[in-house]
Amino acid sequence: MSKSKKSAKSSAKVSVSGPHAIYTIETVERITHLSRDRIVLYYQHGLVSSVRATKKEILFDEEAIHRLRRIAFVLSEYGINHQGLREFVSLMDEVEQLREEVRFLRQRV
C-alpha cells in the first residue's frame with residue numbers, strides 16, 4: 001500500500017455511524033481547521049475531552065468537535081487569553097448542565 005493511501009486511510013473516521021461517530025485527530029484537524037498541536041493543547045488542559053486516548057492516538061466524538069469549533073470561534077472573534085478561554089469553557093459547561101436540568105423538569109410537568 002502506498003504512503004498516500006495509508007495516510008488517507010488513517011485519517012478517516014474510526015466509526016462511521018451518525019451521532020456516535022468517532023474521529024481521529026487528523027480528521028478533527030480538517031473539520032475544525034485547528035492545528036494538531038492546538039487540539040492536543042486543549043485536550044491536555046481539559047478544555048476538550050476524548051473518547052479514547054493512547055500514547056499513539058487521541059479519538060474524539062461529535063461533542064468534542066462542536067466544542068473545538070466554539071472555542072475556535074470565541075478565540076477568533078474575541079481574542080481572549082488562556083484564562084478567558086478557561087472561563088468561557090466553564091460557562092459553556094454550566095449552561096449545558098442548566099439546559100439538561102430544564103429539560104428534565106419540563107418532562108416531569
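The model is predicted, so local features need pLDDT of at least 70 and side-chain atom pairs count only at pLDDT 80 or more, while totals for chains, interfaces and linings use all residues. Residues are numbered from 1 along each chain as its sequence is written, and side-chain values use heavy atoms, with hydrogens and water left out.

**The helix pair**

Helices here are DSSP runs (H or I, at least four residues), numbered from the N terminus. Helix α4 (residues 62-78) packs on helix α5 (residues 82-108) at about 135°, with the axes 11 Å apart. Those axes are lines fitted to C-alpha atoms over the stretch in contact, and angles run from 0 to 180 degrees between N-to-C directions. That angle makes α4 oblique to α5, oblique being whatever is left once under 35 degrees is called roughly parallel, over 145 roughly antiparallel and 65 to 115 roughly perpendicular.

Contact means heavy atoms within 4.5 Å. On the α4 side, R67, R70, I71, V74 and L75 meet L85, F88, V89, M92 and D93 of α5.

**The largest pocket**

A pocket is an open set of points on a 1 Å grid over the protein atoms alone, where a 1.4 Å probe fits, with protein on both sides within 12 Å along at least five of seven lines; lining residues have an atom within 4 Å of a point. The largest one holds about 200 Å³, the space filled by probe spheres set on its points, which are joined across faces, edges and corners. E63, H66, R67, R70, M92, D93, V95, E96 and R99 line the largest pocket. Helix α5 gives the largest share of that lining, five residues.

Conventions. Helices (H or I, at least four residues) and strands (E, at least two) are DSSP runs, numbered from the N terminus.
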